[in-house]
Number of protein chains: 2
Amino acid sequence: MAMKALIGALLVTSALTGVALAQAEPVKIGVSIPAATHGWTGGLNWHAQEAEKRIEALHPNVDIVLVTADGPADQASDLEDLVSVHQIDALVVLPFESEPLTEPVKQVKESGAFITVVDRGLSEPGIEDVYVAGNNTELGRISAQYMKSRLKEGDNIVILRGIPTVIDTERFDAFIAELEGSGIKVLDDEFANWNRDDGFEVMQDFLSRFPDIDAVWAQDDDIALGVIEAVKQAGRDKDLFIVGGAGMKDIIKGVMDGDPLVPVDVLYPPAMIATAMDVTVAKFTSNGPVQGRYVLGAPLVTQENAEQYYFPDSPF
Amino acid sequence: MAMKALIGALLVTSALTGVALAQAEPVKIGVSIPAATHGWTGGLNWHAQEAEKRIEALHPNVDIVLVTADGPADQASDLEDLVSVHQIDALVVLPFESEPLTEPVKQVKESGAFITVVDRGLSEPGIEDVYVAGNNTELGRISAQYMKSRLKEGDNIVILRGIPTVIDTERFDAFIAELEGSGIKVLDDEFANWNRDDGFEVMQDFLSRFPDIDAVWAQDDDIALGVIEAVKQAGRDKDLFIVGGAGMKDIIKGVMDGDPLVPVDVLYPPAMIATAMDVTVAKFTSNGPVQGRYVLGAPLVTQENAEQYYFPDSPF
C-alpha cells in the first residue's frame, strides 16, 4: 500500500472509530494470573502482556489491569484490590488453586463484575460467566492417535505422568482408552510432576530397565526436555521418538525443523489467557452473546502447521 | 472528552494502528447463513449484518462476505462461490441441514480455509476448527428450575414442543429430568413445530381440555406468541404464566416491562452468529489460540437483566 493510500485509510478509520470512541463507555478489565514461576506460567505472563498491548491499541476505551500473584493468598488480595481500588467491570482469572480462590472470585462477582475463569475451574459451579480452558481428554486421545499412526502391534512405549490431579487423570485415561486394541504395549508409567529434572530422572530409570522402547509419551514439554536429555545421554535418540504437550517454543522449533526425536507436539497453550481476554472484551464491544464454556482444542502440531504456534519472543 | 483531546487520542490510535495496518495481511471471511425466512433467521441475518459493519470498521484489513441461502442446495452453491470467486481465508457457516452441507463444507476446508460451524453440527466430526452453539440441555434445565421456583407440588403445566429433532429432545429431556421429584404435574405435551400458528392451535386444544393450568412451557418464542394469543382469547391470562425461549425482542420487551404473563425468557440467541464471527476474526488478529467448542450459556432473562438482551432495531 502506498503511503498516501495508507494515510487516507487511516484517516477514514479514525473518522469511523471516532464515532465509536465518542460513544464507547470506558471499560476496566482486571486480569489476575500466577506469577511466572516456571515454563508454562512464563508463557502465560508473556501472552497476557501481548494481549494487553494489542487490545488497548485496538480499543481505546478498554483499560486492562494485569496483576500477578505468588500464591493463593496473594491472588485473593489482588482480587480485593481490583474491586476496591480499580473498580473493574470484568475479571479474567486463572486461579492458583480452585478451593482457596472460589470465595474471593465470588466476591468479585457480587460487586457486579463480569467473570471469566481460565484453565482451572472453581470449586462451586455457576460463579463464572465464561469458562475458557484447554482439553485434557483430547490431549490424551490425540497423543495416542499419533502413537497408533507411527507404531505397530508389539511396539513398546513408556509414559511419564504429571502430578496426581484431575488434569493428569483425564489425560492418562483418554490416552489408555484410545490405545486399547492396538497391541501397543505400555511398559510402565511414573509421575514426573510436570518438571524437567523429574522427567530426566524417571526417563533414566526407564532406559536402564527397558532395552527396547519405541516411543515416549511425556504429555508435557517441560518433562519432555528432561526426557530428551536422558535419551541423548544414553545414546538411544535414534531408537525412539517423544510426544510432549503444551506448545513450548523449543519443542515447537524442533517440530518445525523436522527433528525426528520430537516429530510432533500437542497443544495446551498458555496463550489461552489471550483468548479469554478477547472473549471478555467482546462482552463490552460485540452484539454477540458472551457466556458459557469455550473449551479449546488440543490439535496435533506437525511440521506443516507448527509455524502458527511458534512465538520466538515468548519465554516459553 | 474534549474534541481536542479526542482528536489527539485518535491520532495516537492511528499512529499505533498504522503499524498494525501496514503489517496486517488482508483477510477475507465468508459468512453463509439461511435467508431470513422466519423469526429466528430474521434475527440471525440482522445480527450478521451488524457484526459485519462493526468488524470491518474495527479491522480495516478484514473483508466480510455475507451470503444467504434459500435451501441446502443453494447454500452448497454459495460455498463453492466463496472459494472459487472470493477465495476466502475462513468460513463461518450455519448449515441449513447437517447432512447435505457436510461434503460442501469439507471441500471449503480442503481449500485451506479456517472453518467455524454455528448451531447445527455437521454429520462428520473433525471438519470444523471451531464450533459455536447454543445449549439446549441448559435451556431445558433452566426453564424447569424457574418453574420449580414459581410453582408448588400439585400445580399443573403443559408443554409445547418444537419439531422432532435432537435439539427438541435435548431440551425436553433436560426439562423433565430437572422437574422430577418436584410434584409438579405435566398434563400433556404436543409438538408445535417452532411455529406461531401451531402454538396457537395446540394451546387452544390444551385450554379446552384442561381447566386448571398454572404454567406453560413453550420453549420457543415463536410458539409463545401463539400461546399468548390463545390464552388471552380464552380470558385465562390471569391464571397462568408462559416460559418461551430464544430471546425474541417482543418477548424480551414484555419481560423488561414486567408483564406477569411472560415473566422471563431463556436465551438461545440468533446473535450467536456475531460471536462466531468475532471468534473467527480473532484467528487472524489475536495471539490467543482459536479452536475447539464454544457452547454459549442459556441464561434466564429476568426484568433485572433483560436490557442487555434487547435489540429494538432487530426484526426478531
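Reader: Which strands of chain A does helix α8 lie across?

Author: Helix α8 of chain A, residues 221-233, lies across β6, β8 (215-217) and β9 of that chain, and runs at about 170° to β9(A). Helices (H or I, at least four residues) and strands (E, at least two) are DSSP runs, numbered from the N terminus. Axes are lines fitted to C-alpha atoms, for helices over the stretch in contact, with angles from 0 to 180 degrees between N-to-C directions; contact means heavy atoms within 4.5 Å.

Reader: What are the ground rules for the model and the numbering?

Author: This is a predicted model: local features need pLDDT of at least 70, side-chain atom pairs count only at pLDDT 80 or more, and totals for chains, interfaces and linings use all residues. Residues are numbered from 1 along each chain as its sequence is written, chains are lettered from A and ligands numbered from 1 in the order in which they are written, and side-chain values use heavy atoms, with hydrogens and water left out.

Reader: Back to the sheet. What is the strand order?

Author: β7-β6-β8-β9 in chain A, an open sheet of four strands with parallel pairing. Two strands pair if DSSP finds at least two bridges between them. β7 (185-191) and β9 (241-243) of chain A are the edge strands, each pairing on one side only.

Reader: How many bridges join β6(A) to β7(A)?

Author: Six, with β6(A) covering residues 156-161.

Reader: Switching to chain B. Is β4 buried or exposed?

Author: Mostly covered: five of the five residues of β4(B), 114-118, are buried, meaning under 20% relative accessible area with a 1.4 Å probe, protein chains only (exposed is over 50%, partly exposed in between). F114(B), T116(B) and V118(B) point one way, I115(B) and V117(B) the other.

Reader: What does β4(B) pair with?

Author: Strand β3(B), residues 90-93, in the parallel sense over four bridges, and β5(B), residues 130-133, also parallel, over three bridges. T116(B) is the bridge partner of V92(B), and V130(B) in β5(B) is the bridge partner of T116(B).
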